[in-house]
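Hi everyone, thanks for making time.

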Amino acid sequence: MTIYIGREASKLWKRISAEITTEINLLAENWRYILAGLIFQYIHGLAARGVHYLHRPGPTLQDVGFLLLPELGQDKAYISETVFTFVFISFVLWTFHPFILKTKKIYTVLVWCRVLAFLVACQILRIITFYSTQLPGPNYHCREGSKLARLPRPHSVAEVLLINFPRGVIYGCGDLIFSSHMIFTLVFVLTYQKYGTKRFIKQFAWLIAAVQSFLIVASRKHYTVDVVVAWYTVNLVVFFIDKTFPELPDRTGGSSLFLPVSTKDKDARSKEENHKLLNGHGGDPADWRPRTQVNGKIMEDGNAVLADNAMNGA
């Protein structure tokens with residue numbers, strides 16, 4: 001038993017080491033995009049902090065969602081936050097699964113380049129909307145009589161730049177017409193919809209996104225229009241931006257050698273393949289096998305088996 005555990009631990013460490021080497025090479029080429037996306041997360045928080053100074057509490061606007069959904073109350077506001085935390089942590093863990101699991105379908109760095117690009121585009125639109133029109137916040141701490149509804153004028157620039165994280169983010173007011181929680185949730189769900197492999201997890205993720213939408217309105221954190229705008233805007237943004245990206249390299253072969261780590265390696269590989277074709281060699285017969293990735297979208301496990309059977313029959 002001890003020998004078996006030691007052997008498996010050695011295999012796991014080799015797998016993690018190989019994956020770290022591959023991801024470091026990718027990070028060396030794409031670190032600017034990752035860094036820019038992370039910096040913009042701070043800019044987004046800073047913008048939300050800034051609009052809080054402009055917020056003026058007033059009567060809650062008439063909202064169909066408030067009429068149809070029962071109010072959870074201030075003591076149950078943690079429910080929607082708990083659901084969002086579950087979605088956030090689950091997605092982050094999934095993006096790092098290639099470091100441990102044998103089934104490697106994605107590259108962590110490349111996936112996060114896409115995710116951050118989606119988030120930045122949506123957040124830019126969100127900043128434009130809530131600075132264009134300030135609405136009285138429906139949240140409990142944003143209503144008339146609350147000490148947090150209005151922020152006093154800052155005494156220094158540093159007071160604004162520090163944004164009082166995380167309290168300043170949790171108890172913000174005025175950043176409406178677009179739900180930030182729904183931006184993250186939908187971007188994560190859409191990303192797994194394309195690059196994930198488990199159909200039941202995809203269906204469960206969409207169910208969680210719908211539940212999260214109702215919980216946000218029931219918790220009076222946003223108006224219904226904020227959630228509705230997020231649903232169609234995020235889908236449109238992801239659709240059009242994703243078309244500008246090249247498709248992720250196919251990892252169904254189980255080897256990181258399918259990914260050239262530099263342009264020089266890529267050119268060398270292309271010359272080698274052309275040389276084989278000119279000499280009458282068709283390359284490795286394993287390359288003739290049908291892939292489980294279709295049009296850049298990784299198919300579910302069940303569909304991959306059906307696709308293989310259909311190709312063999314043909």
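Okay, let's start with Cys113, which has a relative accessible area of 12% and is therefore buried; buried means under 20% relative accessible area, exposed is over 50%, and partly exposed is in between, using a 1.4 Å probe and protein chains only. Cys122 is buried too, with a relative accessible area of 0%.

Quick word on where this comes from: it's a predicted model, where local features need pLDDT of at least 70 and side-chain atom pairs count only at pLDDT 80 or more, while totals for chains, interfaces and linings use all residues. Residues are numbered from 1 along each chain as its sequence is written, and side-chain values use heavy atoms, leaving out hydrogens and water.

So, which cysteines form a disulfide? That's Cys142 and Cys173, with sulfur atoms 2.0 Å apart. The rule is a pair of cysteine sulfur atoms within 2.5 Å, and it gives a count of one disulfide. Remember, a disulfide is a covalent bond between the sulfur atoms of two cysteines.

Where do these two sit? Cys142 is in the loop between helix H4 (108–132) and helix H5 (157–161), and Cys173 is in the loop between helix H6 (167–170) and helix H7 (180–195), so the pair ties together parts 31 residues apart in sequence. Both Cys142 and Cys173 are buried. The torsion about their S-S bond is about -95°, so this disulfide is left-handed.

Zooming out, the protein has 11 helices and two strands; those are DSSP runs numbered from the N terminus, helices being H or I with at least four residues and strands E with at least two. And of its 314 residues, 40% are buried.
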